[in-house]
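Please open the structure in your viewer and keep the selection tool at hand.

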Amino acid sequence: MPPIVLVGAPVEAGAGRRGCLMGPDAYRSAGLKEALTQLGHSVSDLGNLTMEPVRDISHSNPVLKNLADVTGWTRALHSAALDLGSKPVFPVYMGGDHSIALGTVTGQASAAAAKGRPLFVLWLDAHSDFHSFETTESGNLHGTPLAFACGLPGFPDLLNGRPRHPVNPANVMIFGARSIDPHERDLLLEHDVSVCDMRMIDESGVAALVKPFLEQVCAANGLLHVSLDVDFLEPEIAPAVGTTVPGGATFREAHLVMEMLHDSGLVTSLDLVELNPFLDDRGRTARLMVDLTGSLFGRRVFDRPTRSF
């Protein structure tokens, strides 16, 4: 396993409510670095990134919120991800709302292309985040990053045009979905994106759905980026998110995903997004996200400490 590099992205400009900018420090307070170090990994924390200043950017959709700030963060995160993806390290991007993936996924995709390898994306989320800037009705830009990363039209000049190395939609799996808008549904069907909703997980189980995707990544000699949204989880165990949708992944379902990802040896970068400490209960969501990250990096079931909430 290469050294792990933690990168803070205190972004809340893409969300519908304030609080996500405290996410990176909440992960630090919950002991993310210490947990990974205890597993035998070399871990460094680069601190928090800063937004690039942006002026004179606009879009025809009048409902878009905080477009200049989201653009500035996208450019900063894309540059950081391109740099880190080119090095022998494992970057963990600590968000921040899910708009950080406008930069992290595109940067990792460009780094993968430079290596002559495709980037695959496992999107662990209650939502598909497959709106364009034209189709979003809420104007909250954390609902757009996956469509942007896949090269869809309808976006302003975030990165001097569309991403130079868009992710092939066939290389994406959205896992745990249970809230998709009609415009997104049409785009997902048009571009043949794999969506495993919670009914599919109920009927088939985690392993039967995740294993074929991992086999696809392996067969293509791909690199795998995982984007973990707090709202992937059942709100009763992870309340610290502003977009709660009932019926999410259980504690064991979420850990099984992470354990399978670790066993595959295919994951090369990770987003941790949408943690809003304002909404947490004594840090329980932050600690759960740290525990899940630990499973991704090799913590086994019988190594898990007893914890009282």
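How close do the axes of H9 and helix H10 come, and at what angle do they cross? In this predicted model, the two axes come within 7 Å and cross at roughly 35 degrees.

**First stop: H9 and H10**

Select residues 284-296 for helix H10 and residues 251-264 for helix H9. Then display the side chains at the contact. From H9, these are Phe 251, Ala 254, His 255, Met 258, Glu 259, Leu 261 and His 262. Their partners in H10 are Leu 288, Asp 291, Leu 292, Ser 295 and Leu 296. Coloured by class, the contact of H9 with H10 shows seven nonpolar, three polar and two charged residues.

**Second stop: H3 and H4**

Next, select residues 67-85, which form helix H3, and residues 101-114, which form helix H4. Their axes come within 7 Å and cross at roughly 30 degrees. Angles under 35 degrees count as roughly parallel, so H3 is roughly parallel to H4. The crossing of H3 with H4 is right-handed. On the H3 side, the contact is made by Val 70, Thr 74, Leu 77, His 78, Ala 81, Leu 82 and Gly 85. On the H4 side, select Leu 102, Gly 103, Thr 104, Thr 106, Gly 107, Gln 108, Ser 110 and Ala 111. The contact of H3 with H4 comprises six nonpolar and nine polar residues, with no charged residues.

How many aromatic pairs does the structure hold? There are five aromatic pairs. Begin with Phe 120 and Phe 213, whose rings form an edge-to-face pair at 6.2 Å centre to centre, with 70 degrees between the planes. Phe 120 belongs to strand S4 (residues 119-124) and Phe 213 to helix H8 (residues 206-219); the pair links distant parts of the chain, 93 residues apart. Phe 120 and Phe 213 are buried.

Move on to Phe 175 and Phe 232. The ring centres of Phe 175 and Phe 232 are 6.3 Å apart and the planes stand at 45 degrees, so this pair is tilted. Phe 175 lies in strand S5 (residues 172-177), whereas Phe 232 is in the loop between strand S7 (223-229) and helix H9 (251-264). The pair therefore ties together parts that are 57 residues apart in sequence. Phe 175 and Phe 232 are both buried.

Complete this stop by selecting Phe 133, Phe 148 and Phe 155, which ring pairs link into a cluster.

Select Gly 95 and Gly 96 and display the backbone. The peptide bond from Gly 95 to Gly 96 is cis, with omega near 15 degrees. Gly 96 is placed in the loop between strand S3 (90-95) and H4.

Asp 192 is the next selection, in the loop between helix H6 (182-190) and strand S6 (194-197). Although Asp 192 is not a glycine, its phi is positive, at about 55 degrees. Is Asp 192 buried or exposed? Asp 192 is exposed, with a relative accessible area of 61%.

Finally, select Glu 274 in the loop between strand S8 (267-273) and H10. Glu 274 has a phi near 70 degrees, a positive value in a residue other than glycine. Because its relative accessibility is 3%, Glu 274 counts as buried.

Note on methods:
Residues are numbered from 1 along each chain as its sequence is written. This is a predicted model: local features need pLDDT of at least 70, side-chain atom pairs count only at pLDDT 80 or more; totals for chains, interfaces and linings use all residues. Side-chain values use heavy atoms; hydrogens and water are left out. Axes are lines fitted to C-alpha atoms, for helices over the stretch in contact, and angles run from 0 to 180 degrees between N-to-C directions. Helices (H or I, at least four residues) and strands (E, at least two) are DSSP runs, numbered from the N terminus. Angles under 35 degrees count as roughly parallel, over 145 as roughly antiparallel, 65 to 115 as roughly perpendicular and the rest as oblique. A crossing is left-handed if the near helix is turned anticlockwise from the far one by less than a right angle, and right-handed if clockwise. Contact means heavy atoms within 4.5 Å. Ala, Val, Leu, Ile, Met, Phe, Trp, Tyr, Cys and Pro count as nonpolar, Asp, Glu, Lys and Arg as charged, and the others, Gly among them, as polar. Rings of Phe, Tyr and Trp (its six-membered ring) pair if their centres lie within 6.5 Å; planes under 30 degrees apart count as stacked, over 60 as edge-to-face and the rest as tilted. Buried means under 20% relative accessible area, exposed over 50%, partly exposed in between (1.4 Å probe, protein chains only).
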